[in-house]
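Please consult the sequence and structure below alongside the text.

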Amino acid sequence: MDPSGQLNRRRLIVRSGTLVGALALGGCQGTAESGGFRRTLDIATVLDYRLQRSLLPTSAMAREYPAADISQIFRTKGTTDPRNLVYRKLVRDGFKNWRLLVEGMVERPASYSLQELRSLPSRTQITRHDCVDGWSCIGKWKGVPLATLLHRAGLKSQARFIVFHCADTLGHSFNVARYYESIGLDDAFQAQTILAYDMNDAPLTIAHGAPVRLRVERQLGYKMAKFVMRVEAVASFAHIYGGKGGYWEDRGYAWYAGI
Ligand SMILES: Nc1nc2c(c(=O)[nH]1)N[C@H]1C(S)=C(S)[C@@H](COP(=O)(O)O)O[C@H]1N2
Ligand SMILES: [Mo]
């Protein structure tokens, strides 16, 4: 394909992603509560996902950058220091007792220490993180490809989505909820989808999601679950928390946050 055609296609995709992002932001300010708007948003999400998926092969790679482009300061967003006692204890012990659970619709449920994850083949990539709030930062990520863990676990044939359960909660008093996210199998097996334990050549800091956070490079920042504790293969996420596939999705954001 000619390069200019590719660029235009890219612009179209970016624009359609931004549209859904804008709708989702509106939802955050309360309008999504009305049933009509909610339905519109859900339909927009499905259409956007179909549009993007019809334009991009499932193996399409997100752009990678040279080291010179790495942001001096990488912003943080959302939880930067989970307060709960379980996580505090893991931090105190230097994550020696942390284990990542891989379970759900898999043939061989497993759990990994940080050291075990680090001993598996790794992938390193320099990519741009785009937050729905409108900022972007470029960072270098090293971690274990999610595909490696899924191949080791063996997905059962009914598995359709991978859910990431995090250590933190967001919100206040009556509105506290656990952070979680989910992705489809195309993104789960995409080569750049990794569970990252290093950022910019150093162990991930707590603010950026220690000990392990998801990188799913073809989507917006809110999909990149930090403080991941458990990876669950499911046939549907309708039964999990608000049923929309993620903390922000349950509050009106698009499930497919393609960029
Ligand atoms: N567990 C957890 N993951 C999370 C969030 C969060 O609050 N908790 N915020 C999300 C959002 S909106 C963004 S933009 C990125 C921010 O990652 P950073 O703090 O490393 O920049 O993490 C995402 N993953
Ligand atoms: Mo974000």
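The points below are grouped by topic.

The model is predicted: local features need pLDDT of at least 70, side-chain atom pairs count only at pLDDT 80 or more, and totals for chains, interfaces and linings use all residues. Residues are numbered from 1 along each chain as its sequence is written, chains are lettered from A and ligands numbered from 1 in the order in which they are written, and side-chain values use heavy atoms, with hydrogens and water left out.

**Ligand contacts**
- Around ligand 1 there are 22 residues, each with a heavy atom within 4 Å of the ligand; Arg75, Thr79, Asp168, His208 and Lys226 come nearest.
- An oxygen atom of ligand 1 lies 2.7 Å from a backbone N or O atom of Arg75.
- The side chain of Asp168 places an N or O atom 2.7 Å from a nitrogen atom of ligand 1.
- The side chain of His208 has an N or O atom 2.7 Å from an oxygen atom of ligand 1.

**Ligand shell**
- The shell divides into 11 nonpolar, 6 polar and 5 charged residues, where Asp, Glu, Lys and Arg count as charged, Ala, Val, Leu, Ile, Met, Phe, Trp, Tyr, Cys and Pro as nonpolar, and the others, Gly among them, as polar.
- Strand β5 (residues 161-170) gives the largest share of this shell, 3 residues; strands are DSSP runs (E, at least two residues), numbered from the N terminus.

**Aromatic pairs**
- The whole structure holds 12 aromatic pairs, meaning rings of Phe, Tyr and Trp (its six-membered ring) with centres within 6.5 Å.
- Tyr179 and Tyr247 form a stacked pair, 5.4 Å centre to centre with 20° between the planes; stacked denotes planes under 30 degrees apart.
- This pair links distant parts of the chain, 68 residues apart: Tyr179 is in strand β6 (residues 177-184) and Tyr247 in the segment after β10 (228-234).

Conventions:
A polar contact is a pair of N or O atoms within 3.5 Å; within protein, one must be able to donate a hydrogen and the other to accept it, and residues adjacent in sequence count only if both atoms are side-chain atoms. Helices (H or I, at least four residues) and strands (E, at least two) are DSSP runs, numbered from the N terminus. Rings of Phe, Tyr and Trp (its six-membered ring) pair if their centres lie within 6.5 Å; planes under 30 degrees apart count as stacked, over 60 as edge-to-face and the rest as tilted.
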